[in-house]
Every structure is written in structure tokens, then in C-alpha cells.
Amino acid sequence: DVSKEAATPGENLVNGLKDATTTLGQIFDKNEEAKQLNADFDQAIEDAKSAYNGTDTVMSVIVSGGNIGFSAPHSGRVWGPMYEIFGWTPALEVEKTTSDHQGDEVSVEAIAQSNPDWIFVMDRDAAVSSASDAVPAKDVIDNAPALQKVTAVTEGKIVYAPNDTYTNESIQTYLELFENLANTLGK
């Protein structure tokens, strides 16, 4: 449970992924592989925690249909639980947020005013859109006039989740994302 009602959405996400991996290892007689995957996952979490300086502000967003949606800290899919897991400092907190798949409607100007040190992006369309006219999240972020003076943009501190994250929230996807966070935050 990573909803707003969950007391520990980050812990729930981590335990859910690890429990599912262990169970799948048992079902498919891949216990050692599952054990190693869980160990690698734990290490990636520790590496990403260590790479975060504890003070930089973080803005998480979901880009869909050419629009930037606010991904609320602490709950919801993908980014929300990570605030708990990694102890991130939110650049912006909004009351009455949702945990749906598109993010919340918060103006790009409000996102810009929060002036985050980091922007973490999930490109929803990268996983579900087969249309040739879909706009990649990087282009949407790069071409948003309101964001051009934001610290995260001017300093190139933007992390994109793997393209298939929206449709493939497996432990492998999170492992890839956490390793990317550790490498990027540690620079």
C-alpha cells in the first residue's frame, strides 16, 4: 500500500518488491537468483541514500501528453514513496494530492517557484504511447519556458526514470532507477 492512507509507503514498496521477488524465486526454483536480486536491491537503496546530501530539494513529476504533472511526495506510484525511502526534502508540498497515474495539476509556474535542486521525471508516454507525435519528457522539460531558470534545469540535475517504468514497476526497474539515482546524485 503506497496510498496516502499508508503510514509507511516507502517501507511498503520496498518490502512488497522484495517479498514478490522471494515468492517468484520459490515458484520458479530460482531461490539463489531471487536472494541475489534482493541483496542488489538493498545495496542500491543504501547507495542512493548515501549519495543524497540530505538538504537538496527534490521535485518529482510525471510527464504525460506533453503536460508536466506534480508527483506528490510520500504516496503514490514511483516517486512518492522514495521521499520516505531516501529522506528527500520536497521542494513543494501540496494539500489534497492524488496518487493517480498522471500526477496532480500544479502549474509549471508553481513548480518553477519552488526552485528545486533536483527534478525527477517519469515519462508516462514513453511506456504507453505508440503515436509518433508523442513528445518525450526531456523535450517537454527542456522547452518549458517557466523552468528555464530553475536550479535543477540550469545545473542539469534532472533524473529520468527508465522509459518503461509506468508499465513495468518490477524490482529490476526500481533497481535500475536506484542505481541511476546513486550515480547521478553522487556526482
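User: In this predicted model, which strand holds Thr89?
Analyst: The model is predicted, not experimental. In it, Thr89 belongs to a strand spanning residues 89-90. That strand is E3.

User: Is Thr89 buried, partly exposed or exposed?
Analyst: The relative accessibility of Thr89 is 27%. Buried requires a value under 20% and exposed a value over 50%. Thr89 therefore falls in between and counts as partly exposed.

User: Which residues is Thr89 in contact with, leaving aside its neighbours within four places in sequence?
Analyst: Contact here means heavy atoms within 4.5 Å. With neighbours within four places in sequence left out, the partners of Thr89 are Tyr52, Gly54, Thr55, Asp56, Thr57 and Val58.

User: How many Å apart in space are Thr89 and Pro73, C-alpha to C-alpha?
Analyst: In sequence, Thr89 and Pro73 are 16 residues apart. In space, their C-alpha to C-alpha distance is 9.0 Å.

User: What is the C-alpha to C-alpha distance between Lys4 and Pro73?
Analyst: Lys4 sits in the segment before helix H1 (9-27), and at 46% relative accessibility it counts as partly exposed. Lys4 and Pro73 are 69 residues apart in sequence. Their C-alpha atoms are separated by 9.8 Å.

User: What is the phi of His74, roughly?
Analyst: His74 lies in the loop between strand E2 (67-70) and H3. With 33% relative accessibility, His74 counts as partly exposed. His74 is not a glycine, yet its phi is positive, at about 85°.

User: Why does helix H3 count as largely enclosed by the rest of the structure?
Analyst: H3 covers residues 79-86, eight residues in total. The buried ones are Trp79, Gly80, Pro81, Met82, Tyr83, Ile85 and Phe86. H3 is largely enclosed because the number of its residues that are buried is seven of the eight.

User: Which residue just after H3 takes a positive phi?
Analyst: The phi in question is about 70°. The residue that takes this positive value, just after H3, is Gly87.

User: Is the aromatic pair of Trp79 and Trp88 stacked, tilted or edge-to-face?
Analyst: Trp79 is buried at 0% relative accessibility, and Trp88 is buried at 4%. Their ring centres are 6.5 Å apart, with 40° between the planes. Stacked needs under 30 degrees and edge-to-face over 60. The pair of Trp79 and Trp88 is therefore tilted.

User: What kind of pair do the rings of Tyr83 and Trp88 make?
Analyst: Tyr83 is buried, at 3% relative accessible area. The ring centres of Tyr83 and Trp88 are 5.2 Å apart. Their planes stand at 85°, so the pair is edge-to-face.

User: Which residues do ring pairs link into a cluster?
Analyst: The count of aromatic pairs comes to nine. Ring pairs join these residues into a cluster: Phe41, Trp79, Tyr83, Phe86, Trp88, Trp118, Phe120, Tyr174 and Phe178.

User: Is H2 roughly parallel, roughly antiparallel, roughly perpendicular or oblique to H8?
Analyst: The axes of H2 (residues 31-51) and H8 (residues 171-185) come within 8 Å and cross at roughly 30°. Angles under 35 degrees count as roughly parallel. That makes the arrangement of H2 and H8 roughly parallel.

User: Which residues of H8 make the contact with H2?
Analyst: The crossing of H2 and H8 is left-handed. On the H2 side, the contact is made by Leu37, Asn38, Asp40, Phe41, Ala44, Ile45, Asp47, Ala48 and Ala51. On the H8 side, it is made by Ile171, Gln172, Tyr174, Leu175, Phe178, Glu179, Leu181, Ala182 and Leu185.

User: Which residues is Val128 in contact with, apart from its neighbours within four places in sequence?
Analyst: Val128 is in helix H5 (residues 124-128) and is partly exposed, at 44% relative accessibility. Val128 and Asp164 are 36 residues apart in sequence and 8.1 Å apart in space, C-alpha to C-alpha. Leaving aside its neighbours within four places, Val128 is in contact with Tyr166 and Thr167.

Methods:
Residues numbered from 1 in each chain as written. Predicted model: local features only at pLDDT ≥ 70, side-chain atom pairs only at ≥ 80, totals over all residues. Heavy atoms only, no water. Axes fitted to C-alpha atoms, helices over the stretch in contact; angles between N-to-C directions. Helix = DSSP H or I, 4+ residues; strand = E, 2+ residues; numbered from the N terminus. Parallel < 35°, antiparallel > 145°, perpendicular 65-115°, else oblique. Left-handed = near helix turned anticlockwise from the far one by under 90°. Phe/Tyr/Trp six-rings, centres within 6.5 Å; stacked < 30°, edge-to-face > 60°. Buried < 20%, exposed > 50% of the residue type's maximum accessible area, 1.4 Å probe, protein only.
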